[in-house]
Amino acid sequence: MPADAASDYDVVILGGGSGGYACALRSAELGLSVALVEKGRLGGTCLHQGCIPTKALLHAAEVADVAREGASFGVRTTLESVDMAGVNTYKDGVVGRLYKGLQGLVKAAKIEYVEGTGVLDGPHTVVVGDRRVTGRNVVLATGSYAKSLPGLEIGGRIMTSEQALSIDHVPDRVVVLGGGVIGVEFASVFRSFGSEVTIVEALPRLVAAEDEAISKQLERSFRKRKIAFKTGVRFAGATQQGEVVTVSLESGETIEADLLLVAVGRGPVTAGLGYEEAGVTVDRGFVSTDERLRTNVPGVYAVGDIVPGLQLAHRGFAQGIFVAEEIAGLAPAPIEETGIPRVTYCDPEIASVGLTEAQAREKHGDVATYEYNLGGNGKSQILGTQGFVKLVRQVDGPVVGVHMIGARMGEQIGEAQLIVNWEAHPEDVAGLIHAHPTQNEALGEAHLALAGKPLHAHA
């Protein structure tokens, strides 16, 4: 196509990750003409350097643990070794199949897929190389990157999650800098693969965004797994010499490791993309929007990790659908941030939705809570897991938070988000029948107890 050629679309989307491709597919479904611009591979970070490959590693880690612990179930298995080449082949195969399927969906939807780095040039134009792609609406969906700390250079044996996903060996000693979602997930993987792991976290507790009771249980579980952690301590620096990384803390303590994994969060990808030059308000790298995901520039929207809030693939996916329907004139209901489910896929898994107890007390005043211990759940006993389901409700009102920890508890978040988002009372859920024996019964039992009729639990 010649350099001066222009293309006019109803929607031009800059970024082909979860938010961008969801917006593209829904827009096309609604009869809008769509151009989708992506500099890397369709599917973005989630598919290629985030959610999917990370969870594939976590499943491989679970298989390693099952093999190691088979005798406790009467099955004589041993773990010979972890073959990282084989693990990576398995992981890459999962990603490849999903990538191929996503490419087929975009092609079938007749979406114009434009490969290359796009730069916003005014409110209706994205420049990709020598091509100008114009649209009645522009959606910014450029995602996020793995952050580091000032003065901490990534390279060699100091890496972020993106490099760790392709590691070709199991390091003997790993220090994980950061005790949030990414940090505890990778700590869990490396420990299952056989590494000695130490987490360093500046905040007072691991997974500090979760309910405090969840943090305490995770810390108990990690101690049992011999995952070391230091909370309330600050990182001072790191040096590499030969095959050793020496991590220094502000307390004066040093820790030697074979690998330092930097997991201090993700930053928005917005610099150098023409956003501010086009008049879009950017605050500390994030794009400011209203509840309808409109920027301050008419016709320009933003979705996903560049919008302040939870950095979750399914949040971006939902926002992409929302913006497509907004552009099509369907007037969708705004997305409520607290109603978005959250899962941390370490062992044990953490799943939550709604308000923590502290948040609920701040917002509603008096609240009632209940913790149902998985010790009373038959399937959890079969699996050999420990944990609980914690409910937070307004006094004489609906359940406003569900917080769960234990093996496979992420699979229970579907019903939990329905309970919170549909503002169910404990009595509403207590009247539902939960199949036996399943871990799903734990949700039912917790609501029975909060409704005043505990059965496999103490009042």
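**View 1. Strands β9 and β15 pair in parallel.** Strand β9 (residues 173–177) and strand β15 (residues 259–262) run parallel and are joined by four bridges; strands pair if DSSP finds at least two bridges between them. V175 stands opposite L260 in β15. The model is predicted: local features need pLDDT of at least 70 and side-chain atom pairs pLDDT 80 or more, while totals for chains, interfaces and linings use all residues. Residues are numbered from 1 along each chain as its sequence is written, and side-chain values use heavy atoms, without hydrogens and water. Strands (E, at least two residues) and helices (H or I, at least four) are DSSP runs numbered from the N terminus.

**View 2. An open sheet of five strands has the order β8-β15-β9-β10-β11.** Its pairing is parallel, and the edge strands, β8 (158–160) and β11 (228–231), each pair on one side only.

**View 3. Helices α3 and α6 pack against each other.** Helix α3 (residues 51–68) makes an angle of about 35 degrees with helix α6 (residues 181–193), and their axes are 8 Å apart. Axes are lines fitted to C-alpha atoms, for helices over the stretch in contact, and angles run from 0 to 180 degrees between N-to-C directions. Among the residues that meet are L57 and L58 in α3 and F186 and V189 in α6; contact means heavy atoms within 4.5 Å.

**View 4. R408 lies in a loop between β24 and α11.** This loop joins β24 (399–406) to α11 (413–421). R408 touches E62, E349, L383 and Q439, not counting residues up to four places away in sequence.
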